[in-house]
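Please read it alongside the sequence and the 3D view.

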Amino acid sequence: MLPCPHALPRSAAVLLLGVASGLAGCADPRADVALAAQSALVGMPKGTLLSCAGVPHRQAASGPLEFLAYRAGSIDYYAPPPPPVGYGWGYPWGYPGWRHRGLDYDPWDYYPPRAGDVVDNRCEATFTLRNGAVERLVYRASSLGACAAVVQNCMALVPQSLPPRPTPSG
């Protein structure tokens with residue numbers, strides 16, 4: 001049998017599979033909840049939405065549509081440690097090993113925040129209602145995981161579809 005010139009070598013296929021499974025492990029389950037809510041909450045009555053999400057931060061009406069906006073999340077600042085005793089000629093400039101990065105936090109960088117980092121974890125969720133029921137849910141977010149805080153109580157009210165259980169034979 002002749003080798004196929006376009007086939008991936010076995011080691012490359014194993015490497016790709018390992019990378020794909022590693023990236024799947026980095027998924028944020030809170031972001032998954034927020035994404036699922038965009039379809040699961042469609043049709044929810046306004047009274048139920050208000051009881052599970054609370055009073056909105058802002059609301060407006062335009063013709064037959066009503067908009068309810070909710071906010072969640074925070075901006076976190078990671079303060080640098082105090083200078084060690086004996087460094088009298090300038091903190092953070094004289095700090096050994098100090099690398100000041102300012103406000104350049106990039107959510108795609110896979111490292112924990114360091115001193116001086118500012119991490120933005122905010123979300124604004126806007127529900128569009130028509131005839132007293134949710135028609136659409138959109139997010140404006142720096143972190144989709146933060147949006148789960150708005151919708152998690154409402155998602156608990158949505159019936160979950162479970163796979164059928166196998167019946168014991170016998």
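Q59 has L68 as its bridge partner in strand β2. The model is predicted.

**Strands β1 and β2**
- Strand β1 covers residues 58–62 and strand β2 covers residues 65–77; the two pair in the antiparallel sense over five bridges.
- Two residues sit between the strands in the hairpin of β1 and β2, where G63 takes a positive phi near 65°.

**V134 in strand β4**
- V134 belongs to strand β4, which runs over residues 133–141.
- With a relative accessible area of 4%, V134 is buried, because buried means under 20% relative accessible area.
- Leaving aside residues up to four places away in sequence, V134 touches L41, V42, G43, M44 and L49, and also F127, T128 and L129.

**M155 in helix α4**
- M155 is part of helix α4, made up of residues 144–155.
- Is M155 buried or exposed? M155 has a relative accessible area of 13% and is therefore buried, the cut-off being under 20%.
- Along the chain, M155 and A36 are 119 residues apart, and 8.7 Å separates their C-alpha atoms.

Notes:
Residues are numbered from 1 along each chain as its sequence is written. This is a predicted model: local features need pLDDT of at least 70, side-chain atom pairs count only at pLDDT 80 or more; totals for chains, interfaces and linings use all residues. Side-chain values use heavy atoms; hydrogens and water are left out. Helices (H or I, at least four residues) and strands (E, at least two) are DSSP runs, numbered from the N terminus. Buried means under 20% relative accessible area, exposed over 50%, partly exposed in between (1.4 Å probe, protein chains only). Contact means heavy atoms within 4.5 Å. Two strands pair if DSSP finds at least two bridges between them.
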